[in-house]
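Subject: Structure handover

Hello,

Here is the structure you are taking over. Please look through it first; my notes follow below.

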Amino acid sequence: MKLTAIDNNGTLQGFMLVKSCDRKNTKNGSVYLDLVLADGDGDVVAKIWDFRGTAADQPQPSTVIRVRGTLNLYNGQPQFKIDRFRQATPEDGVDTADFVPGAPFSPELMYGRIIELAESFNDEMLKKLVLAVLDEYKDKIINLPGAFKLHHAIRGGLLMHTLGICRMAGAVTAVYPSVDRDLLLAGAILHDIAKSEEFSVAPTGLVDGYTVEGTLIGHLVKGAVIIDEIGRRNGIDESTLMLVEHMLISHHGEPEFGAAVRPLFLEAEILSELDSLDANIYEIENAVKDVPVGEFTSRMWALDDRKFFNHGRKDVSTDIKL
């Protein structure tokens, strides 16, 4: 954490972004605040014990606060005990953007790489469709996180996730020439396009919840609607639209994970597997890099409640290259 030690007793002080703040009760009935704070490099769980203020007095999400307290371990994980806090003021000269994690690559660079992939298509219908959607949605997706709380929940995370899948898709088609490269890449590029309608985005640029449309319809079905509307306006044939729309509504694999139908052709199945693989790699890397070599992460409920081991054979914090 980007906090400064101010004495020899382990007291730390500095500014942090409030990602969430929940008011809770201990077993004896006293009130405490359960927070997640961010400093641009990562998140930390924090507690304010015996809180006696009103809801209006507690730290507000998407704001920066100045904190003082101590960092301890709880169940093997860092936990910051806040003794004092106040809201940051203009006089402090802090920029909220400095506390928000972002993708390790420029969003414009990632967007440009994706455009290059689409322009390489031999299938003119798929090329026209993908380029039209990207052009219409560029401003909505260029800095969009890939998720609310899980994988790629950082500025530019959606494009990072999309490009990761595209690069893996290219490797798959090199090994299996029977796979339709253009169709698989089209699905990869467009599969999460409707997260731009699903997410509610805070002033920080991070996702702070879901829109009504996102909750009622979701990005899989909404994505198919977007593809259908833009495709028809651009004269894309119905058979092409049907294949791409199927890939979008099935890419979560199983109905219990939100898929409207299961993948029913090869490229749809590959997209679903690569989507899950890229998300899992990100989650595991992100967790393992914060634990010492030879130790385990805490249990990760999104990955079957497993703990993951840092074997230390590779530096998982090493930046990947585009």
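Val-225 is located in helix 7. The model is a predicted one, and every value in this email was computed from it. Val-225 has a relative accessibility of 34% and therefore counts as partly exposed, as that class lies between the limits of 20% and 50%.

Together with Val-212, Leu-216, Ile-217 and Val-221, Val-225 makes a nonpolar surface patch of about 450 Å².

Rolling a probe the size of a water molecule over the atoms shows where empty space is left. The count of cavities of 30 Å³ or more comes to one. The volume of the largest cavity is about 60 Å³.

Which residues line the largest cavity? The lining is made up of Ile-114, Leu-134, Ile-141, Leu-158, Leu-159, Thr-162, Ile-189, Asp-192 and Ile-193. By class, seven of the lining residues are nonpolar, one is polar and one is charged.

As for the elements behind this lining, helix 2 (124-141) and helix 3 (157-175) supply at least two residues each. Helix 3 contributes the most to the lining of the largest cavity, with three residues.

Best regards

Conventions
Residues are numbered from 1 along each chain as its sequence is written. This is a predicted model: local features need pLDDT of at least 70, side-chain atom pairs count only at pLDDT 80 or more; totals for chains, interfaces and linings use all residues. Side-chain values use heavy atoms; hydrogens and water are left out. Patches are made of residues with over 30% relative accessible area and no salt bridge: like charges are joined within 9 Å, nonpolar side chains (Val, Leu, Ile, Met, Phe, Trp, Tyr) within 5 Å. Accessible areas come from the Shrake-Rupley method with a 1.4 Å probe; for residues, only the protein chains shown count as cover. A salt bridge is a side-chain nitrogen of Lys or Arg within 4 Å of a carboxyl oxygen of Asp or Glu. Helices (H or I, at least four residues) and strands (E, at least two) are DSSP runs, numbered from the N terminus. Buried means under 20% relative accessible area, exposed over 50%, partly exposed in between (1.4 Å probe, protein chains only). On a 1 Å grid over the protein atoms alone, a cavity is a set of points where a 1.4 Å probe fits but cannot get out, and a pocket is an open set with protein on both sides within 12 Å along at least five of seven lines; lining residues have an atom within 4 Å of a point. Grid points are joined across faces, edges and corners, and a volume is the space filled by probe spheres set on the points. Ala, Val, Leu, Ile, Met, Phe, Trp, Tyr, Cys and Pro count as nonpolar, Asp, Glu, Lys and Arg as charged, and the others, Gly among them, as polar.
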